[in-house]
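This short report is for a reader meeting the structure below for the first time. Look it over, then read on.

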Amino acid sequence: MDFQILSELPQIYRVIIKVIFILVSAKIAINIGVVSIDRVFAMRFKRVPVDESRMRTLAGLLKSVMRYLVYFIAVVVMLETLGLKTSSILAAAGIGGLAVGFGAQSLVKDVISGFFIIFEDYFQIGDYVETAGVSGIVEEMGFRTTKLRDFGGQLHIIPNGEITRVTNHSRGHLRATVNVRVSYEEDLDRVLKVLEEVAEEVRQKRDDIVEGPTVLGVSDFGPSEAVITVWAKTLPMQQWSVERELRKAIKERFDKEGIEIPYPRMVVLDNKGKEGKDC
Amino acid sequence: MDFQILSELPQIYRVIIKVIFILVSAKIAINIGVVSIDRVFAMRFKRVPVDESRMRTLAGLLKSVMRYLVYFIAVVVMLETLGLKTSSILAAAGIGGLAVGFGAQSLVKDVISGFFIIFEDYFQIGDYVETAGVSGIVEEMGFRTTKLRDFGGQLHIIPNGEITRVTNHSRGHLRATVNVRVSYEEDLDRVLKVLEEVAEEVRQKRDDIVEGPTVLGVSDFGPSEAVITVWAKTLPMQQWSVERELRKAIKERFDKEGIEIPYPRMVVLDNKGKEGKDC
Amino acid sequence: MDFQILSELPQIYRVIIKVIFILVSAKIAINIGVVSIDRVFAMRFKRVPVDESRMRTLAGLLKSVMRYLVYFIAVVVMLETLGLKTSSILAAAGIGGLAVGFGAQSLVKDVISGFFIIFEDYFQIGDYVETAGVSGIVEEMGFRTTKLRDFGGQLHIIPNGEITRVTNHSRGHLRATVNVRVSYEEDLDRVLKVLEEVAEEVRQKRDDIVEGPTVLGVSDFGPSEAVITVWAKTLPMQQWSVERELRKAIKERFDKEGIEIPYPRMVVLDNKGKEGKDC
Amino acid sequence: MDFQILSELPQIYRVIIKVIFILVSAKIAINIGVVSIDRVFAMRFKRVPVDESRMRTLAGLLKSVMRYLVYFIAVVVMLETLGLKTSSILAAAGIGGLAVGFGAQSLVKDVISGFFIIFEDYFQIGDYVETAGVSGIVEEMGFRTTKLRDFGGQLHIIPNGEITRVTNHSRGHLRATVNVRVSYEEDLDRVLKVLEEVAEEVRQKRDDIVEGPTVLGVSDFGPSEAVITVWAKTLPMQQWSVERELRKAIKERFDKEGIEIPYPRMVVLDNKGKEGKDC
Amino acid sequence: MDFQILSELPQIYRVIIKVIFILVSAKIAINIGVVSIDRVFAMRFKRVPVDESRMRTLAGLLKSVMRYLVYFIAVVVMLETLGLKTSSILAAAGIGGLAVGFGAQSLVKDVISGFFIIFEDYFQIGDYVETAGVSGIVEEMGFRTTKLRDFGGQLHIIPNGEITRVTNHSRGHLRATVNVRVSYEEDLDRVLKVLEEVAEEVRQKRDDIVEGPTVLGVSDFGPSEAVITVWAKTLPMQQWSVERELRKAIKERFDKEGIEIPYPRMVVLDNKGKEGKDC
Amino acid sequence: MDFQILSELPQIYRVIIKVIFILVSAKIAINIGVVSIDRVFAMRFKRVPVDESRMRTLAGLLKSVMRYLVYFIAVVVMLETLGLKTSSILAAAGIGGLAVGFGAQSLVKDVISGFFIIFEDYFQIGDYVETAGVSGIVEEMGFRTTKLRDFGGQLHIIPNGEITRVTNHSRGHLRATVNVRVSYEEDLDRVLKVLEEVAEEVRQKRDDIVEGPTVLGVSDFGPSEAVITVWAKTLPMQQWSVERELRKAIKERFDKEGIEIPYPRMVVLDNKGKEGKDC
Amino acid sequence: MDFQILSELPQIYRVIIKVIFILVSAKIAINIGVVSIDRVFAMRFKRVPVDESRMRTLAGLLKSVMRYLVYFIAVVVMLETLGLKTSSILAAAGIGGLAVGFGAQSLVKDVISGFFIIFEDYFQIGDYVETAGVSGIVEEMGFRTTKLRDFGGQLHIIPNGEITRVTNHSRGHLRATVNVRVSYEEDLDRVLKVLEEVAEEVRQKRDDIVEGPTVLGVSDFGPSEAVITVWAKTLPMQQWSVERELRKAIKERFDKEGIEIPYPRMVVLDNKGKEGKDC
């Protein structure tokens, strides 16, 4: 079916044969395109459950775009076959295509990012994650966006291309941290011992603590107090509850032991030789 | 209608036939363009109600641009057919087209983003959303911009391309959160019990509370107070009203029970052995 | 007028005919350009009143640029017709054109943005708007810049391409918001009742209040005070005046009723058993 | 002088004629370039006074660059005429040209911006403007930079491409604003009356006040004071002087009337039933 | 097997031979591609232990993409061989390819960065590093992402392309720094001597201190205190523990020696000649 | 020496002649390049004194690069002359060249910026300037970087491309500004008179004051004080010294006159009818 | 060895000769590439000492890449020689190459920056520098990264492309600056004299002070104190030690002289006519 072997035919037949060949090729290209789009969409369904009616709309849209593109190419090829120079048409289409291509670039980026989020298992539905400045429980993972619901109940919709660094709070144990302030007048050794006992108590009571609570020691000298840090490893998402439990237990024990949580302090002097107020 | 089969005709006729063919093709291209523009605009009307007169102006504008583009291509093809080299004209037009294309890039991005906002149902008219640094009730969703009206009454006009991360407050229940400060001298167990009772009361009174109010426990040790958090799940946009109700109920009950909301505290020392002011 | 039909003529005549044809085409192109520029400028005049002499200068400038561009193309086409390879000239011109095109890109963006600002009715002359980090009354809308005058009297000149998000304060009613602080010792119910009465009074007195003033309730627990919010819907730009009126009325009524606006409070303790200063 | 008509001549003569033609064309192109550069520079001189010797240096530089460019093109065209393929030379030159072009891009942007600053009359020499993070009196407007001198005497040199948003303080009247703090114990009506009188006095004394001073009313409730705002429209750059005058007059009148400008206040409580210090 | 030597054959056979040759070449290209992909993946396995099943999925994906690309090229070459102009197909594919290429650009950047992180030995599994705004222990180094687990237990997933500046805490000794505040009334020489002794003590007790602790001297004059800095070189990750030890030892020794850590101080004056409070 | 005139010679001689011609051209191109590089470097030496040995190294480097580039082009042209298609070689070299070109872009930008810094006389060696976030005395102006030494003695090395906005402190007189705080109890007129006298005194004593010191008036109402501004125009870099002189003179005169610089003030209230502390 | 002279040979031999020629050229190109890579690497070794085994790995990698590139080009040239159109292969390779080129762009930038850091002598191993937001002693200068160790012992690894502005603390003398606060009640002249004496003392004791310490005078009026600045020029990196020495000496001398470093001051008023506390 080489066109050179047509050279014995009268020109008018050769043109007709060529046009038929182009039309048939276009038809085949469209069919391959339709099948490919269907296959890609079918493939995606297996991995992430998605809204099927929306998928069908999108597949339909993609097929329309593909069809018009093939028509356009077929027309240009036909015009060229008829001997017309089409470089100006191609130049115009090319610039338009570039503009659309640049505009659609973030769409491509979203889809590629979405693939890697699933492929590299950044997070799964139900994980508590922090990304792109917001945090929340993953509620839906789409081919273009991810939806998080945060503690306030707000729904965050994030294009996948915006998701770069991800902090996942649901992979492994988390740490509950409580900073206890005690005044400089307290006996540090006694405070540390009391805290150890409280830690032991809380450990007994709760079975979502994986390790600790451990009393780390004097972690800072504040303006009015020494700061002692207590921490514990807990099951994911239990850290806040453990922290609240620890705080209540420490407060109650301190009340019993007479250890104060210090208020801000200030030494007030007057101007007479710094002797204090003798009033 | 192949131009090679014209080779038997005298040159002057061949040129005339070619020019007629180009003009007819241009006419057809313009007609297809006009119909396509009309169809795309008709299609959009179904989804989002838009200002029709503005749409007509825009469609008219697009048709003019398309028409001049086809004229330009037809002229270049004719010049080429006449044997003139047009690469310099194309180069000049190409660079101009690139400059315009880059400038129009954000326009394309706006329209593509607008399509996905509607397609992926980011929000609907009437939703309270937060995006691109502003927040408000969605008042109009256009093909290029979205309009939000915020609580102050200001109208925010945002190009769709600027809308990436969206926080939608109207999808699902929202959380009302009240932080209650009590002094370290209070008996924590009594305070927690009182708060539970107030929560129960408010739950009875209001039917826009979906879950809770729950008293979470000691969520922080402040400089002069322990902080106790109360929260509730409410119908969308009712969270602020529930918070105000809770605050009033807690204040009134605390007054009755003699539990104080503590003012900032400071321990004032003088310089003599830290014994306090014996004046 | 096909150049191939000239092949019977001696070469020297063919060249002359071609050159004349190119010159005539260039002349026609220039005339079309001049008419197009004039039409575009005439069209713009109808929508936005602009400084006419400046427009004329600009149109003149554009025509000069267009004329030199056509000359350049005509010269290149002639050289090609004479058989010279001009790819190096085109490459040099192309790179220069790209550099200029990239530099002029923001100009194109400004004009396209300006068109959409007018077309989508972002704001009109006299509106109070906030955009690109400044705010003020719109004083002039040009094809490339917008001029705002702010309350201080300064004139802000903003390229249209910098105007993306716009907050328009002159579309619909605005909200006047007054936060009233009362001490924790006050009887909240009495305060709320008094505020309701003041709101009623102010409503009577002013006819630029569209809705309210409404007393919302306890909107926050401050360190030394409960915060009660009062708000009202007003005609555009009247919100500040209504706020001042409300503040004055509340202050005067509070004075009468003996309700205090609390100063910051602090509890001062000494170190002896927290008994207070027994001096 | 078509090269095809040379085909009867022996090859060696044809080459010589072609080379002569190229050299003559290059000479003409250089002359046109020199004249154009001179004309553009002469044109600029009329609008903005610039340092002439620097202009001459720059024009010389541009002419050198233009001359070498024409030489390069002529050499490439000659090599092509001699039958050598020059695509590799052009590719190398093109990439180098692109790199230089991108580097010079900000230069083009500066010059275009500079043109629009003058054309759209953003500011004139002597205006007090604020742009690109600095502010000062415009001292020099160049084709590539603008020079501002700020109040401290420092000279800011800003490339025109960095000048986007401009705030011009010398177009129209400016506003002098004085915020007066009075304690909550003062009688607001009396304070407002006194301020009105002071405003009247200052209005009499100064003739650079265009409108006001007007006493706006209670513009804020501060922690220890009510804030009353007074403002006036003044001639450009006189606003600071008017503010100082107003402040002095208000202070003096308040001293006479016994109205105090309040110091920060704090209520100090002790822990015994909030009864105050009975010492 | 040159196609020109086929010219004696009838056209129909020549076409068949050409198509067979193209198909065979495509097959060979695919095989080379498969082998190359397998080799690259095998090579990577040696350096960093990675999840093998994921690698296999990725290799499969890459092979599919490579296979379809070769098919596409083969079809285009065949169409060209048959005499069809394919420039419009190539232009369409090229623009699509560019869009995908730009979208995939960050993928390429991630992989290249990942290579250099391993090659230049930025960090190893188990190191404590700080990069891209987060910090933690390196848990996994992938070909596209790195995973850090921070002290709170959260897992940070960072694309390698985001990792530019890296701060590695596990290369060499780290410094423990303790700032001790003493009041201006203390004798500086005595304080310095006491601190030297404490430093000596701590040095004895711990063998993870490599150098010091050294008492540097008076490093700042604070508002209520002189600040003395003590530092020590420790084994990696032991610095916090050493700091806590030092703080406890200093506090205990200061208690013994009667050296106070000062509370914030303030001199309170009344208005009578600054004489102090004579009450 | 046209290649067409060689057509009578046997092919083998023609090839040899062509290759010789290419080699000779390459040699000439290299020589021109070497001379040009030397001339550009010689030219720069006149304006700014630079480290000569470094210049020689750089010129040598540039010559090497230029030489290899010419070799590469010559080889490609030869291969083309021999009838080989070199588009794939050119494509590979082009992409590599683009990557290098983009990488080197900032180098080009640095050199162009450096040229304009010198040409437009932004600053000279010895000037005190502020640019790109650092400030200091200009110590060296290079073709690619500028070196500043700041007051702390640190040497800042800044690529010229980072230098956009420049603030030059050594062009014209600078302003010394002293803000004097006086308590609200002082008699403003007396304070202003005293300050005028101090200003007069300082003016007498120093001859590096060009204008003033002028007492501007009440420039702000602070929380505990009225602020009065005094300023003076001084020779460049003398402003700090003048400010210190003014401060010392004002302090001494205030001590004599009994005018106090006020400490922060606070009104302390108790809760009993705001009567003050009657203890 | 021109291919045109082969035209007398049968086609099959011509093809074989061409293929052999291409293979030989490829071999030569590879050899030249290998030698060039080796030479570039050898050259670098002289300037900066680098890890040799890593260099060998990298050279091996570069050679592999170069080899595969030459193979690819050779195959394409062969296919073209056989009469196949390869534009689609080149387009595919070109787009891939562009994507890789853009991704590798930062690599090129790093290497070029690294070259200039060494060439312009920004810093040397052992210098204390500040760049890209971190600071430390330079420990290693690589062809792609620089390694700094900061005072805390952390190792910062910075790609050279991130190093733009550099602040080098090891070039020339640095300045030690101590701000001394004295209360407004002190006699300024006496304080200045005492400070001069302390400065003299310290100058005697230390030989790493190059100039000063100089007492500059009253550099600021703080809320509770006058600030006097003392500075000195020291050998690099000795400034902190000199500052500590100065601080200790000043503190000791002030103790002796009875000059106080003032605590923050506040004037406390009650509400009764501002008379002070008469308790």
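## A residue with positive phi

In which loop is Asp121(G) found? The loop lies between α3 (87–119) and β1 (128–131) of chain G. This is a predicted model, and every value here is computed from it. Asp121(G) is not a glycine, yet its phi is positive, at about 60°. Most residues other than glycine have a negative phi. Asp121(G) has 13 other C-beta atoms within 10 Å, so it is partly exposed.

Asp121(E) belongs to the loop between α3 (87–119) and β1 (128–131) of chain E. Its surroundings hold 13 C-beta neighbours inside 10 Å, so Asp121(E) counts as partly exposed.

## The layout of chain A

Chain A holds five helices and nine strands. The elements run α-α-α-β-β-β-β-β-β-α-β-β-α-β from the N terminus on.

Chain A has 279 residues, and 33% of them count as buried. Take the contacts in chain A with a separation of 6 or more. Of these, 59% come from residues 24 or more positions apart.

## The sheet of chain G

Chain G has an open sheet of three strands, in the order β6-β8-β7. The pairing is antiparallel. At the edges stand β6 (174–182) and β7 (209–221) of chain G. Each has a single partner strand, so one side of each lacks a neighbour in the sheet. On average, neighbouring strands are turned by 20° against each other, direction ignored.

How many bridges pair β6(G) with strand β8 (residues 226–234) of chain G? There are nine, in the antiparallel sense. Leu174(G) has Thr234(G) in β8(G) as its bridge partner. Two helices lie across strands of this chain. Helix α4 (residues 188–205) of chain G lies across β6, β7 and β8 of chain G, at about 160° to β7(G). The other comes from chain F: helix α5 (residues 239–257) lies across β7 and β8 of chain G. It runs at about 55° to β7(G).

## The sheet of chain C

Chain C also has an open sheet of three strands, in the order β6-β8-β7 with antiparallel pairing. Here β6 (174–182) and β7 (209–221) of chain C stand at the edges. Each has a single partner strand, so one side of each is left without a neighbour in the sheet. From one strand to the next, the twist averages 20°.

Eight bridges pair β7(C) with strand β8 (residues 226–234) of chain C, in the antiparallel sense. Glu211(C) has Lys233(C) in β8(C) as its bridge partner. Helix α5 (residues 239–257) of chain B packs on the sheet and touches β7 and β8 of chain C. The direction of this helix makes about 55° with that of β7(C). Helix α4 (residues 188–205) of chain C packs on the sheet too, touching β6, β7 and β8 of chain C. Its direction makes about 160° with that of β7(C).

## Where chain D meets chain C

Chain D puts 54 residues in contact with 53 residues of chain C. Several elements of chain D each supply at least two residues to that side, among them α2 (52–81), β6 (174–182) and β9 (265–269). α3(D) gives the most, with eleven residues. By class, the side of chain D that touches chain C has 27 nonpolar, 15 polar and twelve charged residues.

Strands pair across the two chains as well. Strand β4 (residues 155–159) of chain C and β5(D) run antiparallel, joined by three bridges. His156(C) stands opposite Thr167(D) in β5(D).

## Two crossing helices in chain E

Helix α4 (residues 188–205) and helix α5 (residues 239–257) of chain E have axes that come within 10 Å. The axes cross at roughly 135°. α4(E) and α5(E) are therefore oblique to each other. The crossing is right-handed.

Which residues of α4(E) make the contact? They are Val194(E), Leu195(E), Val198(E), Glu201(E) and Val202(E). Residues from α5(E) include Leu246(E), Ala249(E) and Arg253(E). The residues of this contact divide into seven nonpolar, no polar and four charged.

Notes. Residues numbered from 1 in each chain as written. Chains lettered and ligands numbered in written order. Predicted model: local features only at pLDDT ≥ 70, side-chain atom pairs only at ≥ 80, totals over all residues. Contact = placed C-beta atoms within 7 Å. Helix = DSSP H or I, 4+ residues; strand = E, 2+ residues; numbered from the N terminus. Nonpolar A, V, L, I, M, F, W, Y, C, P; charged D, E, K, R; others polar. Pairing = 2+ DSSP bridges. Buried ≥ 20, exposed ≤ 12 C-beta atoms within 10 Å, placed from the backbone. Axes fitted to C-alpha atoms, helices over the stretch in contact; angles between N-to-C directions. Parallel < 35°, antiparallel > 145°, perpendicular 65-115°, else oblique. Left-handed = near helix turned anticlockwise from the far one by under 90°.
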